[in-house]
Amino acid sequence: MTKDPQEEPSDDKPLFGSTGRKIIYDKDGKPCRSCNTLLDFKMAGGSLMGALSTKKPSLAKDSVPETYKQEPPDVEQLGKSTWTFLHSVAATYPESPSPSQQDDMRQFMNIFGKIYPCWFCAKDFQKWSSKNEPKVKTQEEFGRWLCDAHNEVNAKLGKPKFDCNLWKQRWKDGWDEGK
Ligand SMILES: Cc1cc2nc3c(=O)[nH]c(=O)nc-3n(C[C@H](O)[C@H](O)[C@H](O)COP(=O)(O)OP(=O)(O)OC[C@H]3O[C@@H](n4cnc5c(N)ncnc54)[C@H](O)[C@@H]3O)c2cc1C
């Protein structure tokens with residue numbers, strides 16, 4: 001059985017970051033980049049320079065385009081981009097999917113829960129979706145299920161609940177405020 005990385009605490013490592021959140025470590029004992037905010041990751045001793053400066057010292061700085069020089073995603077950036085992707089997938093899911101399209105979506109969400117890069121987020125998501133199986137019979141059903149999944153995380157983080165009656169305006173139709 002794989003050991004939960006968080007079960008291996010170490011005396012000389014900070015338990016909490018400056019944001020007040022618990023610092024999450026990977027199996028190798030290093031702070032998990034995609035599980036912490038950038039600030040907490042820095043505080044826990046995670047390298048800020050990343051591969052560009054450490055693995056390729058001979059690369060002339062000027063030869064690296066400015067657009068490359070961004071930090072790998074922290075838990076918030078990864079989350080926001082992933083929710084954008086997932087809700088957009090719901091927005092383009094067929095209104096009446098065939099049985100095989102429904103199977104694909106079930107499988108996709110199942111695999112998603114196993115590979116999401118923030119391991120402790122993935123664990124909670126898997127736990128929630130095992131009790132709340134993906135609803136994939138229609139686009140509306142799937143969009144609402146995803147909205148509920150997102151609200152579960154919002155609640156965990158103390159964020160306001162999103163009104164799921166509005167998921168389609170937010171992720172598919174837009175608000176049409178000129179009307
Ligand atoms: C599967 C998963 C699990 C996660 N688990 C954790 C975790 O355990 N701990 C952690 O710190 N972070 C977790 N995250 C990241 C977290 O959910 C946020 O993405 C992150 O905190 C950034 O939040 P945000 O305020 O930018 O908005 P996000 O929560 O990223 O939302 C982006 C936008 O989606 C819209 N929105 C909000 N709620 C809903 C909803 N219910 N339905 C539809 N649209 C909505 C809003 O317009 C919002 O601005 C997880 C992300 C994912 C994808």
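1. A residue counts as buried if 20 or more other C-beta atoms lie within 10 Å of its own, as exposed if 12 or fewer do, and as partly exposed in between, with C-beta atoms placed from the backbone. Serine 18 is exposed because it has 11 C-beta neighbours inside 10 Å.

2. The model is predicted: local features need pLDDT of at least 70, side-chain atom pairs count only at pLDDT 80 or more, and totals for chains, interfaces and linings use all residues. Residues are numbered from 1 along each chain as its sequence is written.

3. Serine 18 sits in the segment before helix H1 (38-43); helices (H or I, at least four residues) and strands (E, at least two) are DSSP runs, numbered from the N terminus. Leaving aside residues up to four places away in sequence, serine 18 touches Leu39, Asp40 and Met43, where contact means C-beta atoms, placed from the backbone, within 7 Å. From serine 18 to phenylalanine 41 the C-alpha distance is 9.8 Å, at a sequence separation of 23 residues.

4. The domain assignment, whose bounds come from an automatic or database source, gives domain 1 (15-48) and domain 2 (76-173). Their C-alpha centres are 26 Å apart. Five residues of domain 1 contact six residues of domain 2. On the domain 1 side, the touching residues are three nonpolar, two polar and no charged. Here Ala, Val, Leu, Ile, Met, Phe, Trp, Tyr, Cys and Pro count as nonpolar, Asp, Glu, Lys and Arg as charged, and the others, Gly among them, as polar.

5. An unreviewed UniProt entry carries the annotation "domain: ERV/ALR sulfhydryl oxidase" over residues 71-171; UniProt positions are in the numbering used here, feature names are shortened, and annotations may be inferred rather than shown by experiment. Over residues 71-171 the chain is 70% helix and 0% strand, with its end C-alpha atoms 27 Å apart.

6. Around the ligand there are 21 residues, of which Gly79, Cys121, Cys147, His150 and Phe162 come nearest. By class, the shell has 10 nonpolar, six polar and five charged residues. Helices H3 (75-92), H5 (119-131), H6 (139-156) and H7 (167-173) each supply at least two shell residues, and H3 gives the largest share, seven residues.

7. H6 has 18 residues and spans 26 Å from its first C-alpha to its last, close to the 26 Å expected (1.5 Å times one less than the number of residues). Its buried residues include Phe142, Gly143, Trp145, Leu146 and Cys147. Among the elements covering the buried residues of H6 are H3, helix H4 (99-115) and H7. Just after H6, glycine 158 has a positive phi of about 75 degrees.

Note on methods
Near = placed C-beta within 6 Å. Contact = placed C-beta atoms within 7 Å.
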